[in-house]
Amino acid sequence: MQKGYDYVIVGGGSAGCVVANRLSANPAVEVLLIEAGQRDWNPLIRVPLMAAWFLAHRFHNWSYATEPEPRLANRRIDWPRGRVLGGSSAINGMVYTRGNTQDYDHWAQLGLREWSYDKVLPFFKRSENFAEGGDDFHGAAGELPVTRPDTPHHLYDSFVQAGAQAGFPLNRDFNGKQQEGFGRYHFTIRNGERWSAARSFIDPARARKNLHVLTNAHLLRVTVENGRATGVELKVGGEKRTIEAKGEIVLSCGAVGSPTALMLSGVGPADHLAVHGVKTIVDRPAVGSNLQDHLTVRVLHASKQPDALFDARRFDRAAFNVLRAVATKSGPAASFPLEGGAFLRSRPEVEAPDLQIHFFPGVPVTRGVRHPLQKSLPDTYDGYGFCGTICQLRPESRGEIRLRGADPFAPPVIRANYLFAQADRDTLRAGVKILRDVLNQKAFAHMNSLEVAPGPALTSDAQLDEFIAKNAGTVYHPVGTCRMGVDPDSVVDGQLRVRGVEGLRVADASIMPTLVSSNTNAPTIMIGEKAADMMLRAAG
């Protein structure tokens with residue numbers, strides 16, 4: 001058994017990198033950060049537009065998929081998750097949003113009083129380095145660059161103007177005093193480059209002799225003796241290693257990986273573990289349950305107006321733009337074309353926004369790069385145009401993560417159960433109607449466009465429901481599978497300690513009791529900040 005680490009953090013993603021940074025700031029402790037993927041050496045990770053490629057391919061990606069989803073025409077939905085130092089923050093769309101104040105105040109109402117909006121805001125600000133300076137809602141001294149790109153593009157302006165024409169408010173800062181309205185997103189991009197959690201929190205700490213980073217190390221299980229987590233078993237290359245933790249172990253493997261790790265370690269639903277021959281150490285039925293995710297569907301317009309993004313997808317131009325971004329941090333590949341956004345209420349009586357729009361000034365397709373002999377994909381429009389995606393922010397449907405077997409290398413079973421709740425179907429359908437209306441406003445008249453999806457022929461609720469079932473997909477925001485709570489059935493308590501196992505915490509999006517109303521990277525980084533603060537306070 002390898003000895004000598006006070007803290008062992010499993011998972012080098014958005015939360016894990018933060019925890020490793022904060023704990024290793026104390027030179028008196030030895031900290032080990034373990035990541036299953038490679039180091040983030042690949043220069044293409046830093047190119048913002050390459051996110052689309054990484055999300056669609058297996059490189060640096062766990063490339064999970066759900067089981068056939070009954071409410072989505074029995075389709076398997078791809079679930080990309082980062083498998084590289086930096087985790088999903090190294091391959092995501094880099095949008096920085098925090099959620100609504102009511103999200104966190106709801107957690108407080110569940111008994112988690114230290115997780116109210118007023119309590120978590122300082123931790124958002126602690127990690128943030130906002131380009132426009134600090135204020136009541138933003139931090140300027142943190143490690144994570146947050147910027148407002150404001151890329152010149154007439155369609156971004158048209159989108160925001162269309163929102164106003166449709167009767168919605170405008171909003172210059174979704175992370176400020178209010179969330180609702182049309183505007184432009186903040187990004188974790190600076191000077192034409194992506195800033196992942198690894199680059200922001202690990203690179204500045206590499207000189208610390210007490211911080212150790214182990215990559216290409218796959219977790220087999222957490223070892224538990226007499227009710228306490230004592231270490232981790234790993235597969236590093238072809239070698240099996242056991243590493244002791246003298247203090248605490250933190251699982252930061254994400255909403256898929258953390259419940260899987262607990263179950264493989266004997267912490268989970270006893271009946272399920274028995275089926276796969278895993279010895280139960282703690283019968284914790286809630287492990288892997290409470291899965292929530294944002295489901296999205298696209299409204300697409302075709303246009304005869306030239307589109308620079310479409311033209312830039314030609315293989316020679318795409319290669320040139322990527323090389324340009326690597327060399328000069330400039331050009332079309334040095335930003336990510338999702339700057340236009342909105343948070344809306346599906347109906348007036350809803351207290352807080354329950355819908356989110358991401359606007360794309362072009363037509364994203366599965367196969368991003370074009371060459372002269374390439375044929376269009378079946379039933380896919382591939383030409384000039386623009387689109388928006390609409391997602392329901394607070395789904396009532398709940399899914400689960402389960403083991404496929406006792407093999408730690410086998411992908412888990414993912415059942416998202418999208419749209420099982422009638423309220424989810426009603427809200428997403430209402431969102432499609434709102435987005436169709438926005439994209440048909442006068443602000444887009446100069447594009448001389450025509451809706452091609454869902455298409456003008458689809459007007460009834462039944463037709464729209466069928467369109468959603470056949471076309472909706474994930475926004476890559478799974479949470480909730482190691483639910484935090486004050487009740488004895490929750491997986492972790494308000495200090496993120498695993499119930500029934502001493503010396504073991506979970507710090508990532510899996511601890512969220514309910515899904516926040518936004519992209520989840522910023523909230524996950526906040527969770528890392530809170531976890532580290534709790535651990536430092538506990539250590540005195």
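I started with the second largest pocket: 20 residues line it, and Val350, Asp354, Arg394, Pro395 and Glu396 lie nearest its centre. For my own record, a pocket here is an open set of points on a 1 Å grid over the protein atoms alone, with protein on both sides within 12 Å along at least five of seven lines, and a lining residue has an atom within 4 Å of a point. I noted a volume of about 490 Å³ for this pocket. α3 (101–109) and α11 (422–439) are the elements that give two or more residues to the lining. By class I get five nonpolar, six polar and nine charged residues around this pocket.

Before going on, a note on the source: this is a predicted model, where local features need pLDDT of at least 70 and side-chain atom pairs count only at pLDDT 80 or more, while totals for chains, interfaces and linings use all residues. Residues are numbered from 1 along each chain as its sequence is written, and side-chain values use heavy atoms, with hydrogens and water left out.

Next, cavities. I found three of 30 Å³ or more; a cavity is a set of points where a 1.4 Å probe fits but cannot get out. The largest cavity has a volume of about 110 Å³. Its lining includes Leu291, Gln292, Asp293, Pro395, Tyr418 and Leu428. I sorted the lining of this cavity into seven nonpolar, three polar and two charged residues.

Then the helices. The axes of α1 (residues 14–24) and α13 (residues 521–539) come within 8 Å and cross at roughly 30°, the angle being taken between N-to-C directions on a scale from 0 to 180 degrees. I logged the crossing as right-handed, that is, the near helix is turned clockwise from the far one by less than a right angle. The contact has nine nonpolar, four polar and two charged residues.

How many salt bridges does the structure hold? I get 31, with a side-chain nitrogen of Lys or Arg within 4 Å of a carboxyl oxygen of Asp or Glu as the test. One that I looked up joins arginine 505 and glutamate 248, at 2.6 Å from N to O. Arginine 505 is in strand β26 (residues 504–506) and glutamate 248 in strand β15 (residues 239–251), so this pair ties together parts 257 residues apart in sequence.

Last, the backbone. Alanine 453 and proline 454 are joined by a cis peptide bond, with omega about 5°. I place proline 454 in the loop between β24 (449–453) and α12 (461–471). Asparagine 191 has a positive phi, near 55°, and lies in the loop between β10 (189–190) and β11 (193–194).

Note on methods:
Helix = DSSP H or I, 4+ residues; strand = E, 2+ residues; numbered from the N terminus. Nonpolar A, V, L, I, M, F, W, Y, C, P; charged D, E, K, R; others polar. Points joined across faces, edges and corners; volume = space filled by probe spheres on them.
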